[in-house]
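Please keep the viewer open as you read.

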Amino acid sequence: AESSEISRMNILKAHNQTSFAMQPVYQLDQYGKEKLSKTSLSLTSCIERYLDAKRNVLLFSKGVILVEGDAEEILLPNMVKSAYGISLDEIGVGLVNVGSTAFEYVASVFDSMRIQRFCAIVTDLDKQAVLSTSSYYKDGAEAKGKERQEKLNRLYASNPWVDTYYAEHTFEIEFINNGDNHTYLASAVNKIYVQEAAITKHQSRVKDGGTRNEEALALAKKEGKGWLATLLAGELDECVSIPEYLVDAIAFAAQETMTIQIYQKMLKYSLSYYDEDDVAEYLTTLSEADNDELLIDSINSILSDSDYEDDEVVKFINACEWNIGLLSDGESS
């Protein structure tokens, strides 16, 4: 695909016992002129130049998540693996780092007339998380974030294949302030500084909610967002908490690929970290369910147990609930 022109390409899709062909560039140039006001360029040509070996995931994944930077590209797959016990690859979801906030050009290939795959755009509203007196305060960033939100909502409000999910501030700020995720940043400080006094100082600032955001931005500037994300990824464990907007984005992109068998695997992974006596019955019913109806009943019994409503896997399955017909009464649709 790297050396092929998408204007000469069809993509085959099988879903619900039906196969059909999709044309990635059908009326794409017309879309660019009418919706993106790009009257002097060929959107088809631009997309073809954009698709290198790394980004061909756009064409061949069963669902796609578009992110704007290195931090999301590095950390999000590791968060999924640590929290859910599965990889994005296992559920057929490709992650693409657009490298900017110009999502509308790439996302334009996902449409009822072109590629019928679910595409989740993940971006920041850039609401400032530090005081205006801080050197890390960015004038105009929030206004630009609002403009980006209005543009993306306008472009994709009527497109069932594309939806957008927003971090209120930035990805890094949302991550460290979700649950106890700041502990991972505190642990990463050990790999950034050598002197004990410096480690103690910066860890203290990370643990303090009043100075945490500024410290995170300072560390990102010092190490680079991509490298800081790499260090954070090495600290993650099963207790990582995934921000809600990211949970919803993953659920949207994966809605054609999730199965009750995958949910079964995720729940067995998550429950294995609880006290064995507390979850023994659930693990048994999950393992011994020999048909879909029993498996759905088993999953529903866990979803309805208030003791596990804050479990990361349970929160994800609830976000996907409409996909496979898991119902509160245990009946399958």
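At what angle do the axes of helix α12 and helix α16 cross?

## Two crossing helices

The axes of α12 (residues 244-253) and α16 (residues 312-319) cross at roughly 50° and come within 9 Å. That makes α12 oblique to α16, the word for angles that are not under 35 degrees (roughly parallel), over 145 (roughly antiparallel) or 65 to 115 (roughly perpendicular). On the α12 side the contact is made by V247, D248, I250 and A251, and on the α16 side by K315, F316 and A319; contact means heavy atoms within 4.5 Å.

A198, I199, H202, Q203 and V206 are the buried residues of α9. They cover an arc of only 120° around the axis, which puts them on the same side of α9. Their cover includes α8 (182-192) and α10 (212-223). E196, A197, K201 and K207, on the other side of α9, are exposed. Buried means under 20% relative accessible area and exposed over 50%, with partly exposed in between (1.4 Å probe, protein chains only).

## A buried histidine in a loop

H169 sits in the loop between β6 (162-167) and α7 (171-176). At 16% relative accessibility, H169 counts as buried. Leaving aside residues up to four places away in sequence, H169 touches D124, L125, D126, K127, Q128, A129 and E174.

## About the model

This is a predicted model: local features need pLDDT of at least 70, side-chain atom pairs count only at pLDDT 80 or more, and totals for chains, interfaces and linings use all residues. Residues are numbered from 1 along each chain as its sequence is written, and side-chain values use heavy atoms, leaving out hydrogens and water.

How values were computed. Helices (H or I, at least four residues) and strands (E, at least two) are DSSP runs, numbered from the N terminus. The arc is that of the directions from the helix axis to the C-beta atoms. Axes are lines fitted to C-alpha atoms, for helices over the stretch in contact, and angles run from 0 to 180 degrees between N-to-C directions.
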